[in-house]
Amino acid sequence: MRLNRYISVSGFASRRRGEIYIREGRVRVNGEAVTDPARDIVPDRDQVTLDGNLLRVNPEKRYYVLNKPTGVIVSMSDTHGRANVQNLLGEETRGVFPVGRLDADTSGVLLFTDDGDLAHHLTHPSFGVEKIYRAVVRGRVNGEDVRRIGEGIVLDDGPAAPARLCILESAGETSTVEITLHQGRKRQVRRMLEAVGHRVITLERTAFDGITAKGLPLGSYRPLTREEVEQLKEQSKAPSPACGRGGRG
């Protein structure tokens, strides 16, 4: 087993984050510092430590969904004393980590797991996992805005892939829209909507690969059902749901 995969399977971090730790020289194998993510590891023989902490492979993986409030950062700790998602999780979740990120000013679905392989699959751009957001924006969104986002628009860091924009309500000086992405770039939803002239007032992620937080109060979490876990692992390629349905889960 490669060293970076061993770290992800241990549940300490995702595979990509594990590679960063390895290259920073924070990982030791049998007491020897190792900076090669491809180093072969034999789980029953080798001892792997990260910052002095012994990593073990836990065969029983855990999966949770949190309905994240705004004002909370997606980090398991914070040196500046800001509210973070770790503060919202109970003792039984110790060792899990967030799957991807949500901006502090964005609420909604955030997954946690200690299954590094699945986390890698769900966050790597090549898999194009579907994420659905609901936004309230300034101005009246129209068909031209839908067309532009549907064809893909150019952001300051390069072209954004085509996304599906649905108008749920447009009245007065604001509109409510639903946008479906298969990318995960920094503040992408806000930047795409601003590129077509609509500043975001509120933003909520309503579904992550079909998993929703339906029935969960803000700040609450629950374990995923067996069916939901299987859904994530199968990576269903079912068509996107109709506008306003907020995901398959």
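Author: In this predicted model, 4 strands form an open sheet in the order S2-S1-S3-S4, and their pairing is antiparallel. The edge positions belong to S2 (32-33) and S4 (53-55); each has a single partner strand, so one side of each is left without a neighbour in the sheet. Strands of a sheet pair through backbone hydrogen bonds, either parallel or antiparallel.

The axes of H1 (residues 3-10) and H2 (residues 15-23) come within 8 Å of each other and cross at roughly 120 degrees. H1 and H2 are therefore oblique to each other, and H1 passes H2 in a right-handed crossing. On the H1 side, the contact is made by Leu-3, Asn-4, Arg-5, Ile-7 and Ser-8, while H2 brings Arg-15, Gly-18, Glu-19 and Ile-22. Sorted by class, this contact has 3 nonpolar, 3 polar and 3 charged residues.

Stepping back to the whole chain, its secondary structure comes to 6 helices and 14 strands. The radius of gyration is 20 Å, close to the 18 Å that the globule rule gives for 249 residues, so the chain is as compact as a globular protein of that length. Taken along the principal axes, its C-alpha atoms fill a box of roughly 65 × 40 × 35 Å.

Methods:
Residues numbered from 1 in each chain as written. Predicted model: local features only at pLDDT ≥ 70, side-chain atom pairs only at ≥ 80, totals over all residues. Heavy atoms only, no water. Axes fitted to C-alpha atoms, helices over the stretch in contact; angles between N-to-C directions. Helix = DSSP H or I, 4+ residues; strand = E, 2+ residues; numbered from the N terminus. Parallel < 35°, antiparallel > 145°, perpendicular 65-115°, else oblique. Left-handed = near helix turned anticlockwise from the far one by under 90°. Contact = heavy atoms within 4.5 Å. Nonpolar A, V, L, I, M, F, W, Y, C, P; charged D, E, K, R; others polar. Pairing = 2+ DSSP bridges. Rg over C-alpha atoms; globule rule 2.2 N^0.38 Å.
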